[in-house]
Amino acid sequence: MALKQKSGETAGEAKKRRLVGFAKTDEGVEANKCIKIFLVSSKDEVGAKDGFCIDPMDLNQFFGEDGKIYGYKDLMISIWLSSVSFYAYADISYASAVDGGKGITDLKLALQDIFGEALLEKIDFLQTFSTDSHCVRSIISAGTVLRCYSFNEDAESSDNLSGGSFIEHQVVRMELCSLPVGLLYSRLVPLTFLLIDGSSPIDVTDSKWDIYFVVKKIQSHTGDYDLRLLGFATVYRFYHHPDSTRLRLSQILVLPPYQGKGHGRRLLETVNSVAIAENVYDLTVEEPSEYLQYLRSCFDTLRLLDFEPIKPAINSVASSLRTDFVSKKSCKSLAGPPTHAIEIVRQKLKINKIQFLRCWDILIYLNLDSKDRKIMENFKASISTRVQSDIFDKDTKSKGKHLIEVPNDYDHDMTFVLYCSQSGEESDCLDGMLDGAQADQKQQLNKLVDKQLEDIVEIAEKVSSLRSS
Ligand SMILES: CC(=O)SCCNC(=O)CCNC(=O)[C@H](O)C(C)(C)COP(=O)(O)OP(=O)(O)OC[C@H]1O[C@@H](n2cnc3c(N)ncnc32)[C@H](O)[C@@H]1OP(=O)(O)O
């Protein structure tokens, strides 16, 4: 890591400039505004500012409570991250560093919090392009190849082997507790910090962790080959009483240059095949991002559309929703899949109940005529019934429970608080507040239902286009 002072000014000049520069309180600079991270695959790319730039979630989170860096003038931090070895180097430059009232941020410490031991001095970093050029191959070639697929990088398409120059890709599984794998993972952790919202490192010494790598095979002219890492997923194996296990996908990441090309889906498919082959109890995903949830729902809905045992249940609900009048009572029974369907989907496809409920709505929608207004009203009513029973069970009111909407700091569409009062203990003030809140409640629930319908339609359209392509 290099710290440079741009100008060769004298101490007197610098002091004078400081006085001018920080006459006002130091306002600091947001980390997001002065840090750039470049993904590089060769020595020649280091230093070039037109390389592939990573767009991190939020760098501010690593810099104090307000996400700002203090004490520097004209600060620029360029970080080069090697996509070959996953070591990094930070080039820090600024015109001057002075305490303008808020101290001087320790940049080295902050960057080490993100990059840990992967952060090297420039000379060592440049050397990794020769010393560690085969590190991915030397570690990952000891793993179990679970899937191979050929991929035409020009056409950005799939397993189809006709035409184009196809490159072999593999999905490889390894135990994280093996030392070399753990060391490689520790250099991937910064990427999880930068690209996965709320990510935290996992305990690599725990033997219940597996890591799945997606790699591409690069053939050299000598007939030898190398492996380039494109993405990975970490999966934890939980005990499930009495004699089973559950798999939970904890982190999944495809390096930005390779995203949107089908590698993430293949990783997910492979983990899923393992869950089925090993007959685990089910497979869950830890706090999926919105896009991962979308991808997962597309993938699971496609599988469920071909799953014969649930077809009669889907047809039965869809045909009821096609009738002219659906009573409130029947809406409740149409709002979700029957228990036997939930059970068989978990047993055979390893899809857990919550995920199946999401896909269920899409499956029903795909069986309805979306242009028929009456049918769509019935469908919306069934979704609304489920949303209400999910977050606001009418019965709870009679037990002294109330749902009120509260503002939040996180830009969620809405947050609800369930308030419980002992009978007769409600104050007039709270009664008034609840009346007001309940007046808004219907509107909020409608918003939630509309949002769910939007998501259902989006995934249903994607699934239809994937099936017809
Ligand atoms: C638990 C967690 O880790 S949450 C955090 C998740 N990770 C991140 O957010 C990190 C940053 N993002 C990423 O790393 C990646 O974008 C991932 C891992 C989320 C997804 O991987 P990608 O390689 O980008 O996705 P991939 O290209 O494989 O799949 C996306 C497409 O496949 C489609 N798809 C889904 N199932 C199928 C299928 N069976 N057949 C064909 N296409 C399918 C999806 O609809 C989607 O297409 P669209 O975006 O054009 O509508």
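Ala460 counts as buried, at 1% relative accessibility, where buried means under 20% relative accessible area, exposed over 50%, and partly exposed in between, with a 1.4 Å probe and protein chains only. This residue is found in helix H15; helices (H or I, at least four residues) and strands (E, at least two) are DSSP runs, numbered from the N terminus. The C-alpha atom of Ala460 is separated by 7.8 Å from that of Cys298, although the two residues are 162 residues apart along the chain.

The model is predicted, and local features need pLDDT of at least 70, side-chain atom pairs count only at pLDDT 80 or more, and totals for chains, interfaces and linings use all residues. Residues are numbered from 1 along each chain as its sequence is written, and side-chain values use heavy atoms, with hydrogens and water left out.

We can now turn to the ligand. Around the ligand there are 28 residues, of which Val254, Gly262, Arg265, Tyr291 and Tyr294 come nearest; a residue is near a molecule or strand if one of its heavy atoms lies within 4 Å of it. Sorted by class, the shell around the ligand holds 15 nonpolar, eight polar and five charged residues, where Ala, Val, Leu, Ile, Met, Phe, Trp, Tyr, Cys and Pro count as nonpolar, Asp, Glu, Lys and Arg as charged, and the others, Gly among them, as polar. At least two residues of this shell are supplied by each of strand E15 (244–254), helix H7 (263–277), helix H8 (290–305) and helix H15 (428–468). The largest share, seven residues, comes from H8.

A nitrogen atom of the ligand lies 2.8 Å from a backbone N or O atom of Ile252, while a polar backbone atom of Gly260 is 2.8 Å from an oxygen atom of the ligand. In Tyr291, a polar side-chain atom lies 2.5 Å from an oxygen atom of the ligand. On its own the ligand has 1000 Å² of accessible area, and the protein covers 84% of this; such areas come from the Shrake-Rupley method with a 1.4 Å probe, and for residues only the protein chains shown count as cover.

Next, consider the backbone. Most residues other than glycine have a negative phi, and most peptide bonds are trans. The peptide bond from His241 to Pro242, however, is cis, with omega near 0 degrees, and Pro242 is found in the loop between strand E14 (225–240) and E15. Asn279, in the loop between H7 and strand E16 (283–285), has a phi near 50 degrees, a positive value in a residue other than glycine. With 53% relative accessibility, Asn279 counts as exposed. A positive phi of about 35 degrees also belongs to Glu287, which is not a glycine; Glu287 lies in the loop between E16 and H8 and is exposed, with a relative accessible area of 75%. Glu286 is found in the loop between E16 and H8 and counts as partly exposed at 30% relative accessibility.

Helix H11 (residues 339–349) shows how a helix can have two sides. Its residues Ala341, Ile342, Val345, Arg346 and Leu349 are buried. Seen down the axis of H11, these buried residues fall within an arc of 130 degrees, so they line one face of the helix; the arc is that of the directions from the helix axis to the C-beta atoms. On the other side of H11, Thr339 and His340 are exposed. An α-helix has 3.6 residues a turn, so residues three or four places apart point the same way.

Finally, the cysteines deserve attention. A disulfide is a pair of cysteine sulfur atoms within 2.5 Å, and a search of the whole structure finds zero disulfides. Cys34 is in no disulfide, and the nearest cysteine sulfur, that of Cys53, is 13 Å away. Cys34 is buried, with a relative accessible area of 3%. For Cys135, the closest cysteine sulfur is in Cys177, 19 Å from its own sulfur and too far for a bond. Cys135 is buried as well, with a relative accessible area of 8%.

Methods. Polar contact = N/O pair within 3.5 Å; in protein donor to acceptor, adjacent residues only side chain to side chain.
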